[in-house]
Structures are given as C-alpha cells and as structure tokens.
Amino acid sequence: MGVPVADYHMERAAFEALMGANCEQRILFFRGESGSGKTTLLSNCRDLVRQARISYVNIDLKGTGVTIGEILSRTSKSLPEAQLPNLTQMASELEGHPEVDLENIRQSGLGNKINITLQVSDPHDREQRRVALTDALFADLRTFTKPVLFILDTYQDATTEVRDWISGPFLARLETATPVRAVIAGQTLPEESNLDWGHCCSSYHLKGVPKPEHWLPVVEWMGLQIPGSDALSWLNPICDLLQGRPSEIMKYLKAHQARSLQT
Amino acid sequence: MSDLLAHLQSARSEEEREWLVMRFSLDSLDPAVREAVWAAAIPRWFDQKFLAALLGQPDDASFSRMVEKLLTCSFVETFPGRGYNLHERTRALLLKQLWEYEKPRYRKLNRSAADYCSHQDASDPQWRVAELYHLLLADEDPDLEQFIQQGIEWKNQFQYATVEALVRPLIIESEANRVNPQAAAWAYLLQGRSDGFYSRYEAAKSNLKKSLDLNSENPILRAETLYALGNVCYMLDEYDDARQFLEEGQALNQKAEAPGGEANCLVVLGQIDRILRLPEAAQEKFNKALNLFQQVNDKLGEAISLNSLGELDSALGEHRAAIQKFEDALQRYREAGSSIGEANCYLSLALNSRLMGEYDNSRRLNEEALSLFRRLDNKQGEANSIWALGILYKTLNANEEAKALAEQALVIYLQIGDRLGAEQSLALLKSVSEIPED
C-alpha cells in the first residue's frame, strides 16, 4: 500500500464506480497540472484494483518511448493469453506476412509477435495493421465476463501516433465493449466532446488539496512530529503558501520528517 | 522552520516559493544524496549504474545504500522499463539552477551522460535519443551533424514516433534557452515535419515558423523549412502562402545548387497550378522538376514528376499522352523500389485505358494493381482496385459482376474506416442495381 491520498474523494468515488459491474461511464479522465497529485491518485487506484482482484493493464506513457506495439504487447502480458484468441491469431497472421521484417527477433511470445507485425515502413500499412490488431483485441475483450481496466498515465508525453490511437480506435471500440474500462491521467487529455465515446466519459480536474484537514491522514501515516499540539494550525500556512499543490506539500513534509529524525 | 515560512510568505513568485521548498528539502538530505539529486536532474531517466557513471563513483554496496535513500525522496518517481526520474517540476527547478549558477557543472554532467548512453544497447533507439540529447546540451557550440543525420534517417524511415522522442525534450530545453539556436531550429523543423505527417497542419505550421525564426544562418535549413511550410499551407488550401514559401525555398535551393530540393519545391508549386487550373504553368514546373531529379538520379522524384504530368494529361482528356507518362513513371517506381507507386500507376493506366475504350487492357491493368496491392497487404489499394474494376464492368453493362465488386470494395472500405470509399461503393452499387441488364 502506497502513500494515502489527501482528499480527491470525488475522484476516488468515480474510480470505485468504474470497477462496478454495471458501470455506464466507462471512461474516466483525471486532468491536472504537473504536481497536482495525479500519479499518487493513480497509485491509490491501482491498490484498489488489486484489492478488488480485477484484471488491469497499467501503462505509463512517460518519456515518449511507448509505442502502440508496446501497449498491445503489455496488454497481452497483463491478461491471460488464453483469453486473447483473436489477438493471438491476428498477430500470427500478420507476422507470417512476407513484407514483415523478421530480423532481430530476440524474444518469443505474443508480445513480440505484435511488435514485429508493426515493424513495417509503409505508414498506411502500419495504420491498417494497428486497426486490425485493435479490432482483434476488442473482439477478445468483449467476451470477458468480468471488468477489465486500462490505466494510462502521463498522456501528455505520448507520441502523436499513440495519442491518435488512444483518442481514436481505442476509445471508440471501448464504447461498445462493455467489460472494458479506462482511466487516463495527464496534463492534457483526449477531447472529451468526441462524438464516438464522449457520452460515456467522466472528467475530473485535479486542482490540488488546499484544505489542511485533508492532509491529516498523510501526516498521521508518515508519523510526523508536529511542533505544538495543533496539527491543523501547523498545516494551514503550508497548504496556503504552497497553494495546495500536493508535490510541494509532500516535499515539505518529507523534509520536515527528515529533519525531525536528524535532531 | 518558522524562518522558512517567513521566507515563503515574502517570496514574490510561485517559482521562488518552489525553490525555497526545494532548498529546504535538499538541506535535509545527506550530502552524498544531495549530490546525487543534482546529478539525477540531468538525464530524463536514470538507474543506479547511470547515476554512478554521472557521479564518477563505483557502483558498490555503499553506493547502493545511498541510492536507496535517494529513492525515498518524494520527488523521485518510477520510470517504467528504465528505472527512475525526478518529478518534472523538481527537475525543471534544479536544471534552471544548474544552468544559471553552475554552467560548467551542467555541461560536464551532460558530457558524462552522453558518454554513458553511447556505450549502451545500440539497437535501442531510446539510448541513441538520450545520447544525442546530452551531446547537444554538453557544449555551447555543439556538433549538430550527428543529430541532424539521425533525425533525417528516422524521418525517411517514417519512424516519426522516434523523431518525436528525439526532438520533444530538445524543444523543452529550447524554451528554457538552454539549447544552441541552430539545434533548436532543426528540432522544430523535424517536429513540424512529424506534425504534417500526422495531419496536424496548424501545429506543423507553428513549429515550422519557430524554426524559421530561430535559424538566421543556415540556408539549407531555411530552404528545407520553407519547403515543409509550403507543403503544409498547400494541404490547408492556403495557396498564396504556400506559393510564397515554396518560391523562396526554390530560389534558396537554386542558389545553394541543391537540385533535389529545388525539384521538390517545383512539384508542389506545379500541383498548386494544377488545382488553380493553370495547366501550362503546372506542366512547365513538372517538366523542370523532372529534369532536376534526372540530374541527381533521383528515381523516385522522377517517378513523382512523371506521374504528376500523367495526371495533368489525364485531366485534360489527353489519355494517350497520359498513358505514356504513367508507363514511364511505372518504370521509375520499379527502379526506385516503390511497390505502392507501381501499383498506383497500374490503376492510373487502367483508368486511362478504360476512358479510351480499351476495356481488355484496362481489366488486365486493374488486375495487376489488385494483385500487387494484395501482395503488399494494402487494403486501401485493394479496395480502390476492386471498385475500379466494378466501374469497368458497369461500363461493359455487366451489372451483376459490377454489383459483386462494389459489395466487395464496400466491405473493405468499411473495415478500414474509409467513409469516402464506402460512399463511392454505395453509389456504384445503387447505380448498377437500378439499371436493368441488356
């Protein structure tokens, strides 16, 4: 279990609803500036998913190094391969195509097949292969009897190709695949007025946690030694001066903790 | 502590407050951990080995203990598949401090990072991206050649995701004025080309204009950027602007004795003339481009020029002349190894043969195109060929065959999400369903 989340009760409630069997708003967006606590919130969400024993695929798009092949490949690794017959078959069919470069095969398995099938130089061809693999994946996901969740973090760092794929083929197919849910976090996010999937999307803007009482569980969890007896009075100017920005408040609290331990 | 609160209260900006908290945090750390935090701000991700190399320290048990402490800092995050990174805002603050107050240390750390990255897995493009990033930041006047060549190589291989991985971090550094302006201009050009590839023309225009603004000295870079800008404006139907950029680009290429670059500008200028119904002007430009491409033995360029000349003849109803041009283009596409170009030429030849009443020939050429597109597993081309065959059968009043082909094409168009193709197929289907067979 990671650091408890200060506040964001509404966001956490929306996430818990996402795990319900009859959830209607199956796409959840967390939008927030750098330092607004998105990653901590998502970490907390992952703990909830694990506790609920729900299948999930966790992808951090940080650093522009994640490709669509990588996302599909990690999906195949996170979900049981036996439950992905269409994706497995499509990857094998495309892999066997003579135009595909079969050099540099260093791994085996479905994940690698997917990466190989997307290693073609013609962009039009690559696009068609992506669509074929996405269709195959969702044909499999539609047969799941329990919810399956995609958690995508740091959307703003994704390459244009990945962003176009998420906001296009991925979310459009998710709209008709009832077992599938997605939570996407980032400083920028797909346009939620999208005609294909916008109606099943809830969006939350993370604006920080300025109320000191919301930091009390964190202070308690850290075992902080507070000067004086009133933790709220101590937290009040910190939250106020740091404008409720979780990354800065946490930095302050951790430094305070380190200094307390030194003295 | 109360001192810090007093300082925070008197701080004049959010950034100043953030720095005060950062300094408070750094001061609370062991000196070795503090030193490691400064070094960890340099790369976009790090692991223990990378950090040891940056600090010039042995990666031993004592270093491991120090790294364990570093990882407990609230601003250290997991970087999937690579190790760790400093939180974006923290890293930005530290880099700014290093740049403003300790530039030699900033440069030295970047040199060490570049050296470390250059010895990692050469088949992983992310290491190459990191190496080039640090090389460009390590010197005030860096050697740009490696960066430019690598960017162009990935662009030519349509590896635009890797191009973006290369240039985006440099653009961020450029916004903080930490990159040589020429390097930044190349980064904006490559980003603009990538935006254009993904049909994000407004973003492309903005990035290409930034490249023009930053580049004051390199005529080749300027000519490249003008060509790209002209292309983007052409795609946006902004023909006056497109013409202005392309004409300047053409002139610069001519002056620099770069026939390939000049020819590229001429092809797009010719397309604009064709759209504006100036066929003679278009023909002159395509012919000139063809000559220039021949000078540098650019077979693909020759094929594109010949294909453009063929389309011009075809639109003017000069089908015999068009066929000659498409046959020449077909040959050049073969020599250039462009199978897609070859297949599209077969389609153009089939169309012009049909319009001349040479139906058997048209069918043969259409079938060549279809077979080639199928071999390439190109669904769009396959659907286009099937639809064109349907039109041919309709012309021959073989409505049942035409109907079956229209249905086949429709299925593929719907599969690949080509709405225009689907509408064309439906129109064909409707037309052959309504006409009774003779």
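Guide: Let's start with A:I71, which counts as buried because its relative accessible area is 2%; buried means under 20%, exposed over 50% and partly exposed in between, with a 1.4 Å probe and protein chains only. Before going on, a word on the ground rules: this is a predicted model, so local features need pLDDT of at least 70 and side-chain atom pairs count only at pLDDT 80 or more, while totals for chains, interfaces and linings use all residues. Side-chain values use heavy atoms, without hydrogens or water, residues are numbered from 1 along each chain as its sequence is written, and chains are lettered from A and ligands numbered from 1 in the order in which they are written.

Back to A:I71, which sits in helix α3 (residues 68–78) of chain A. Helices here are DSSP runs of H or I with at least four residues, strands are runs of E with at least two, and the numbering goes from the N terminus. If you skip neighbours within four places in sequence, A:I71 is in contact with A:I59, A:L61, A:V66, A:V162 and A:W165, where contact means heavy atoms within 4.5 Å. As for A:P217, its C-alpha is 35 Å from that of A:I71, and the two are 146 residues apart in sequence.

Now step out to where the chains meet. The contact takes in 47 residues of chain A and 50 of chain B. About 4100 Å² is buried between them, with carbon and sulfur atoms giving 51% of it; that is the accessible area (1.4 Å probe) that the two parts lose on being put together, summed over both. Across this interface there are 5 salt bridges, each a side-chain nitrogen of Lys or Arg within 4 Å of a carboxyl oxygen of Asp or Glu. One to look for has B:E14 and A:R245 meeting at 2.5 Å, N to O. Those two residues also belong to a salt-bridge network with A:E33, B:E18 and B:R89.

On the side of chain A that touches chain B, the elements giving two or more residues are α6 (123–141), α7 (160–174), α9 (231–241) and α10 (246–262). The largest share, 11 residues, comes from α10(A). By type, that side splits into 12 nonpolar, 17 polar and 18 charged residues; Ala, Val, Leu, Ile, Met, Phe, Trp, Tyr, Cys and Pro count as nonpolar, Asp, Glu, Lys and Arg as charged, and the others, Gly among them, as polar.

Last stop, the inside of chain B. Here B:R243 pairs with B:D273 in a salt bridge, the closest N and O atoms being 3.0 Å apart. B:R243 is in helix α14 (residues 239–255) and B:D273 in helix α15 (residues 259–275), so the pair ties together parts 30 residues apart in sequence. B:D273 counts as buried because its relative accessibility is 1%. B:D273 also forms a salt bridge with B:K285, with 2.6 Å between the closest N and O atoms. That pair links helix α15 to helix α16 (residues 279–295) of chain B, the two residues being 12 apart. With a relative accessible area of 18%, B:K285 is buried too.
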